[in-house]
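I opened this notebook to record what I looked up in one structure. My entries follow in the order in which I made them.

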Amino acid sequence: MSCENRFSSVNRKLKYISLAILVVQNASLILSIRYVRTLPGDRFFTTSAVVMAEVLKVLTCLLIILFQRKGNLKEFIVLQYNSIVIQYKDTLKLAVPALIYTLQNNLQYVAISNLPAATFQVTYQLKILTTALFSVLMLRKSLSRIQWLSLLLLFAGVAIVQLEQEGKQKETTVTGPSQNYAKGLVAVIVSCLSSGFAGVYFEKILKGSSASVWMRNIQLGIFGTLLGLLGMWWNDGLAIAEKGFLFGYTPMVWGVIFNQAFGGLLVAVVVKYADNILKGFATSFSIIVSTVVSVYLFGFHVDLLFTLGAGLVIGAVYMYSLPKAAAPSPSTATLSSSSHSLADGVGDSETEAFLPKSVLVK
């Protein structure tokens with residue numbers, strides 16, 4: 001009995017540690033990207049940062065699979081060859097989400113560079129709405145009344161925040177150096193749409209295949225790297241040829257890239273000890289953290305409208321993460337538990353944690 005109590009106590013502590021890690025990861029990525037993009041001096045190329053994050057993600061997944069194979073290099077190489085080359089049709093399916101994720105990662109840099117961190121954090125929660133809608137349309141999933149209500153509250157909260165920010169833009173003629181609010185807003189909305197579609201599409205592929213999420217992330221990362229290099233050449237090719245791939249990279253920039261690359265994998269580890277309600281709470285609390293830090297770091301002004309809008313979004317995120325009221329029958333319990341959560345872009349909580357996460361709140 002004492003062993004059971006000890007195990008329960010350890011598990012409870014791990015849940016709260018997981019919550020703290022999720023909050024720090026969610027808030028720190030947005031704040032750090034905003035910070036490095038507003039610093040004076042040489043600016044790094046965001047397209048190169050996207051490519052570097054993909055490369056680090058692929059290398060990490062390769063090392064994990066090699067570790068799972070207990071260092072058996074021959075078995076590891078055969079597995080990679082069979083999964084990527086022999087089953088090339090299966091690999092090619094990942095080209096679509098890879099293209100969308102690459103676009104999304106670049107758009108998030110654009111959005112955070114042009115929007116206050118707190119405003120971006122609140123508005124980016126629209127990905128829950130887009131993911132839910134794509135899940136209903138593409139996967140024929142059903143949502144509870146509470147979830148539909150939470151989506152309405154989410155939309156209302158984001159709308160209030162945007163109206164409040166729009167009013168500020170009209171009141172002030174000076175925004176920030178080279179910042180364009182409309183450009184940032186369009187970027188975050190397109191990013192939310194792409195996040196919803198790519199997450200549901202990726203979930204559909206995962207559920208129709210026996211390949212591990214690690215292998216899927218490697219396949220996704222290969223396409224993501226190639227497409228990222230293409231986008232880098234298209235947008236910044238001449239400048240990078242002149243100044244170098246790592247131009248403007250500082251320890252802070254490297255920190256952002258590592259956070260972006262390993263964020264989803266980090267969440268994958270801690271999510272084993274947390275549940276969906278804690279994940280929703282972590283997302284909500286990270287919005288509060290981003291807002292408070294933005295006040296001190298960037299001079300962000302919080303007024304009544306922003307508080308109301310952010311409060312609605314936080315409540316909506318928490319409501320959406322609550323389990324459905326109706327208890328599933330024993331025959332469908334496993335299926336229901338694996339397809340319930342949509343809060344971060346896919347249905348399965350373990351699956352979603354391994355998705356290529358950009359500012360995500362993994």
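I began with a definition: a salt bridge is a side-chain nitrogen of Lys or Arg within 4 Å of a carboxyl oxygen of Asp or Glu. I worked from a predicted model, in which local features need pLDDT of at least 70, side-chain atom pairs count only at pLDDT 80 or more, and totals for chains, interfaces and linings use all residues. Residues are numbered from 1 along each chain as its sequence is written, and side-chain values use heavy atoms, with hydrogens and water left out.

**Entry 1: salt bridges.** I found that the structure holds four salt bridges. In one of them, the side chains of Glu54 and Lys57 meet at 3.5 Å, N to O. Both residues, Glu54 and Lys57, lie in helix 2, three residues apart, about one turn of the helix. I noted that helices (H or I, at least four residues) are DSSP runs, numbered from the N terminus.

**Entry 2: helix 2 and helix 3.** I looked up how helix 2 (residues 46–68) lies against helix 3 (residues 73–86): their axes come within 9 Å and cross at roughly 125 degrees. Axes are lines fitted to C-alpha atoms, for helices over the stretch in contact, and angles run from 0 to 180 degrees between N-to-C directions. Helix 2 and helix 3 are therefore oblique to each other; angles under 35 degrees count as roughly parallel, over 145 as roughly antiparallel, 65 to 115 as roughly perpendicular and the rest as oblique. In the contact (heavy atoms within 4.5 Å), Leu62, Ile65 and Leu66 of helix 2 meet Leu73, Phe76, Leu79 and Gln80 of helix 3.

Note on methods: Helix = DSSP H or I, 4+ residues; strand = E, 2+ residues; numbered from the N terminus.
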